[in-house]
Amino acid sequence: MPSTAENPSGPAVATAATATATAAVATAVEERVTARVITDDPLYRKIPVALRFAPAEPLAVRIVFPAGLSPEGTDNEWVLPRALLEAGLQAPSGTGDVRVWPCGRVQAVVEFHSPEGVAVIQFDSAALRRFLRRTYASATRSA
(Lines give C-alpha, C1' and ligand atoms only; values in the text may rest on other atoms or scores of the structure.)
Protein backbone atom coordinates (compact mmCIF):
# COMPACT_ATOMS: atom_id res chain seq x y z
CA MET A 1 0.00 0.00 0.00
CA PRO A 2 1.41 3.48 -0.80
CA SER A 3 2.59 5.59 2.09
CA THR A 4 0.02 8.30 1.35
CA ALA A 5 -2.84 5.88 1.97
CA GLU A 6 -1.40 4.91 5.36
CA ASN A 7 -0.32 8.40 6.32
CA PRO A 8 -3.09 10.96 5.63
CA SER A 9 -0.65 13.81 6.19
CA GLY A 10 1.77 12.42 3.61
CA PRO A 11 2.95 14.15 0.45
CA ALA A 12 -0.29 13.75 -1.52
CA VAL A 13 -2.36 15.46 1.20
CA ALA A 14 0.25 18.19 1.68
CA THR A 15 0.33 18.85 -2.06
CA ALA A 16 -3.48 19.13 -2.21
CA ALA A 17 -3.50 21.54 0.73
CA THR A 18 -0.75 23.62 -0.86
CA ALA A 19 -2.63 23.72 -4.19
CA THR A 20 -5.81 24.84 -2.41
CA ALA A 21 -3.95 27.59 -0.53
CA THR A 22 -2.23 28.72 -3.73
CA ALA A 23 -5.57 28.89 -5.58
CA ALA A 24 -7.04 31.05 -2.82
CA VAL A 25 -4.06 33.42 -2.93
CA ALA A 26 -4.13 33.53 -6.72
CA THR A 27 -7.67 34.91 -6.72
CA ALA A 28 -6.76 38.02 -4.71
CA VAL A 29 -6.23 41.07 -6.92
CA GLU A 30 -3.87 43.97 -6.40
CA GLU A 31 -3.26 46.71 -8.93
CA ARG A 32 -0.71 49.46 -8.39
CA VAL A 33 -1.59 52.72 -10.07
CA THR A 34 -0.46 56.31 -10.06
CA ALA A 35 -3.09 58.83 -9.01
CA ARG A 36 -3.09 62.59 -8.61
CA VAL A 37 -3.98 64.57 -5.51
CA ILE A 38 -6.21 67.46 -6.56
CA THR A 39 -5.82 70.71 -4.65
CA ASP A 40 -6.26 74.38 -5.45
CA ASP A 41 -2.56 74.45 -6.38
CA PRO A 42 -2.18 74.49 -10.19
CA LEU A 43 0.42 71.71 -9.97
CA TYR A 44 -0.87 68.32 -8.96
CA ARG A 45 1.01 65.74 -6.92
CA LYS A 46 1.35 62.18 -8.21
CA ILE A 47 1.07 59.39 -5.66
CA PRO A 48 1.31 55.60 -5.80
CA VAL A 49 -1.93 53.88 -4.84
CA ALA A 50 -2.72 50.18 -4.36
CA LEU A 51 -6.15 48.89 -5.40
CA ARG A 52 -7.00 45.61 -3.66
CA PHE A 53 -9.70 42.98 -3.82
CA ALA A 54 -10.01 39.87 -1.66
CA PRO A 55 -12.42 37.06 -2.54
CA ALA A 56 -13.34 36.81 1.15
CA GLU A 57 -15.01 40.25 0.74
CA PRO A 58 -16.55 39.95 -2.74
CA LEU A 59 -18.58 43.18 -2.51
CA ALA A 60 -15.71 45.42 -1.37
CA VAL A 61 -12.54 46.92 -2.77
CA ARG A 62 -9.75 48.68 -0.92
CA ILE A 63 -7.85 51.80 -1.93
CA VAL A 64 -4.57 52.07 -0.04
CA PHE A 65 -2.57 55.29 0.10
CA PRO A 66 1.10 55.38 1.12
CA ALA A 67 2.15 56.19 4.67
CA GLY A 68 3.65 59.53 3.66
CA LEU A 69 0.18 60.99 3.07
CA SER A 70 -1.19 60.41 6.56
CA PRO A 71 -0.39 62.46 9.67
CA GLU A 72 0.19 59.19 11.58
CA GLY A 73 2.77 57.97 9.06
CA THR A 74 0.86 54.75 8.35
CA ASP A 75 -0.83 53.40 5.25
CA ASN A 76 -4.29 54.86 4.85
CA GLU A 77 -6.77 52.26 3.64
CA TRP A 78 -10.33 52.96 2.53
CA VAL A 79 -12.83 50.14 2.03
CA LEU A 80 -15.71 50.86 -0.32
CA PRO A 81 -18.35 48.93 -2.23
CA ARG A 82 -17.05 47.59 -5.53
CA ALA A 83 -20.39 48.62 -7.07
CA LEU A 84 -19.81 52.25 -6.00
CA LEU A 85 -16.48 52.37 -7.81
CA GLU A 86 -18.02 50.83 -10.91
CA ALA A 87 -21.06 53.13 -10.92
CA GLY A 88 -18.87 56.19 -10.38
CA LEU A 89 -17.09 55.54 -13.65
CA GLN A 90 -20.40 56.19 -15.44
CA ALA A 91 -22.09 58.90 -13.35
CA PRO A 92 -21.66 60.67 -10.00
CA SER A 93 -22.17 58.10 -7.23
CA GLY A 94 -22.01 57.98 -3.46
CA THR A 95 -23.41 60.13 -0.69
CA GLY A 96 -21.31 59.10 2.31
CA ASP A 97 -17.61 59.16 3.08
CA VAL A 98 -16.63 58.16 -0.48
CA ARG A 99 -17.93 59.72 -3.67
CA VAL A 100 -16.90 58.82 -7.22
CA TRP A 101 -17.59 60.52 -10.53
CA PRO A 102 -16.26 60.58 -14.08
CA CYS A 103 -14.08 63.55 -15.01
CA GLY A 104 -14.05 63.86 -18.77
CA ARG A 105 -13.59 60.80 -20.94
CA VAL A 106 -10.43 59.34 -19.43
CA GLN A 107 -10.36 60.36 -15.75
CA ALA A 108 -12.36 59.57 -12.63
CA VAL A 109 -12.36 61.38 -9.31
CA VAL A 110 -12.69 59.72 -5.92
CA GLU A 111 -13.46 62.03 -3.02
CA PHE A 112 -12.77 60.83 0.53
CA HIS A 113 -14.40 62.51 3.55
CA SER A 114 -13.03 62.03 7.07
CA PRO A 115 -13.08 64.02 10.32
CA GLU A 116 -9.66 65.40 9.33
CA GLY A 117 -10.93 66.80 6.02
CA VAL A 118 -11.54 65.92 2.39
CA ALA A 119 -9.09 64.38 -0.09
CA VAL A 120 -9.80 64.51 -3.81
CA ILE A 121 -7.88 61.99 -5.91
CA GLN A 122 -7.96 61.65 -9.69
CA PHE A 123 -7.41 58.29 -11.38
CA ASP A 124 -7.14 57.17 -14.97
CA SER A 125 -10.48 55.51 -15.70
CA ALA A 126 -8.76 52.78 -17.72
CA ALA A 127 -6.76 51.70 -14.65
CA LEU A 128 -9.91 51.50 -12.51
CA ARG A 129 -11.78 49.56 -15.22
CA ARG A 130 -8.88 47.13 -15.62
CA PHE A 131 -8.82 46.57 -11.85
CA LEU A 132 -12.60 45.99 -11.74
CA ARG A 133 -12.41 43.51 -14.66
CA ARG A 134 -9.72 41.59 -12.78
CA THR A 135 -11.86 41.50 -9.62
CA TYR A 136 -14.83 40.05 -11.50
CA ALA A 137 -12.61 37.50 -13.24
CA SER A 138 -11.15 36.55 -9.84
CA ALA A 139 -14.57 36.18 -8.25
CA THR A 140 -15.68 33.97 -11.15
CA ARG A 141 -12.62 31.70 -10.79
CA SER A 142 -13.12 31.26 -7.05
CA ALA A 143 -16.84 30.49 -7.37
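Contact means heavy atoms within 4.5 Å. The exercises below use that term throughout.

This is a predicted model, in which local features need pLDDT of at least 70, side-chain atom pairs count only at pLDDT 80 or more, and totals for chains, interfaces and linings use all residues. Residues are numbered from 1 along each chain as its sequence is written, and side-chain values use heavy atoms, with hydrogens and water left out.

**Exercise 1. Confidence**

Task: State the mean pLDDT of the protein and the share of residues that reach 70 or more.

Solution. 
- Start with the scale: pLDDT is the predictor's confidence in each residue, from 0 to 100.
- The mean over the protein is 82.
- A pLDDT of 70 or more is reached by 78% of the residues.
- Then check residues 1–26, where the pLDDT is below 50. Beyond near neighbours in sequence, this stretch has five contacts in the model.

**Exercise 2. Fold layout**

Task: Count the helices and strands of the protein, then give their order.

Solution. 
- Elements are DSSP runs, numbered from the N terminus: helices are H or I with at least four residues, strands are E with at least two.
- The count is four helices and seven strands.
- From the N terminus on, the order is α-α-β-β-β-β-α-β-β-β-α.
- Now the contacts between residues at least 6 apart in sequence: 33% of them join residues at least 24 apart.

**Exercise 3. Burial and the core**

Task: Find the share of buried residues, then the residues with the most contacts inside the largest nonpolar core.

Solution. 
- Set the cut-offs: buried means under 20% relative accessible area, exposed over 50%, partly exposed in between (1.4 Å probe, protein chains only).
- Of the 143 residues in the protein, 31% are buried.
- A nonpolar core is a set of buried Ala, Val, Leu, Ile, Met, Phe, Trp, Tyr and Cys residues joined through side-chain atoms within 4.5 Å.
- The largest such core has 27 residues. Val49 and Phe123 have the most contacts inside it.
- Take Val49. Not counting residues up to four places away in sequence, Val49 touches Glu31, Arg32, Val33, Ala35, Ile63, Val64, Phe65 and Phe123.

**Exercise 4. The largest pocket**

Task: Describe the lining of the largest pocket by element and by class.

Solution. 
- A pocket is defined on a 1 Å grid over the protein atoms alone, as an open set of points where a 1.4 Å probe fits, with protein on both sides within 12 Å along at least five of seven lines; lining residues have an atom within 4 Å of a point.
- About 460 Å³ of space lies in the largest pocket, where volume is the space filled by probe spheres set on the points, joined across faces, edges and corners.
- The lining has 21 residues; Leu69, Asn76, Trp78, Ser114 and Ala119 are the closest to the pocket centre.
- β1 (29–38), β4 (76–81), β6 (107–114) and β7 (117–124) each give two or more residues. β7 gives the most, with five.
- By class, the lining has 12 nonpolar, six polar and three charged residues. Here Ala, Val, Leu, Ile, Met, Phe, Trp, Tyr, Cys and Pro count as nonpolar, Asp, Glu, Lys and Arg as charged, and the others, Gly among them, as polar.
- Leu69 lies in the loop between β3 (60–65) and β4, and touches Arg45 and Ile47, not counting residues up to four places away in sequence.
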